[in-house]
Amino acid sequence: MGGVSVGVLDHFNIRTRNLAETVRFYEDVLGLEKGARPNFAFPGAWMYSEGKPVVHLVDISPTSEPQKPDSGVVHHVAFVSRGFDGMKQRLASKGMKFDSRQVPGGDLWQIFVHDPNGVMIELNYEAAKEQGAAPAEMAGDIGRQ
């Protein structure tokens, strides 16, 4: 495609009736920071990671729009992350249910956790840059097409 690229993920947007709880999750659990947001005509928040607004939240509680129960047809949203063991400890200390696994072949470690709206968040860690014991490969992931 000669110089054409869609680039990297910029942000994802969640429409929520639980704005305060969702902001708390992304701040307290994942460590993002609530930051500057344009003066839109509707309430919400932008959550930043490493100076970039990667999660946009829209508060739909003032509207009649129903809260969707999860991610809809979007199965999950993934971040390239650092500090695998630290994140596992952080999630455990906050009582969050999560799943950690190794991608078949061992190059990538992952953590999966759900936000208050049921959105599955996938955190990806480059194994060569991480310390500690590797998580198990999930048998159901190996050899599936």
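Reader: How many bridges join β3 to strand β4, and in which sense do the two run?

Author: This is a predicted model. In it, β3 and β4 (residues 52–59) run antiparallel and are joined by 6 bridges.

Reader: What do β3 and β4 form, and how many residues lie between them?

Author: They form a hairpin, with 2 residues between the strands. Glu50, in the turn, has a positive phi of about 50°.

Reader: How many residues does the largest nonpolar core have, and which elements give two or more residues to it?

Author: Nonpolar side chains tend to be buried together in soluble globular proteins. In this model, the largest nonpolar core has 27 residues. Phe12, Tyr26, Leu30, Val55 and Ile121 have the most contacts inside it. The elements giving two or more residues to this core include β3, β4, β1 (12–16), α1 (19–29) and β8 (120–126). The most comes from α1, with 5 residues.

Reader: Which residues is Phe12 in contact with, leaving aside its neighbours within four places in sequence?

Author: With those neighbours left aside, Phe12 is in contact with Tyr26, Val54, Val55, His56, Val77, Phe79, Val119 and Ile121.

Conventions. Residues are numbered from 1 along each chain as its sequence is written. This is a predicted model: local features need pLDDT of at least 70, side-chain atom pairs count only at pLDDT 80 or more; totals for chains, interfaces and linings use all residues. Side-chain values use heavy atoms; hydrogens and water are left out. Two strands pair if DSSP finds at least two bridges between them. Helices (H or I, at least four residues) and strands (E, at least two) are DSSP runs, numbered from the N terminus. A nonpolar core is a set of buried Ala, Val, Leu, Ile, Met, Phe, Trp, Tyr and Cys residues joined through side-chain atoms within 4.5 Å. Buried means under 20% relative accessible area, exposed over 50%, partly exposed in between (1.4 Å probe, protein chains only). Contact means heavy atoms within 4.5 Å.
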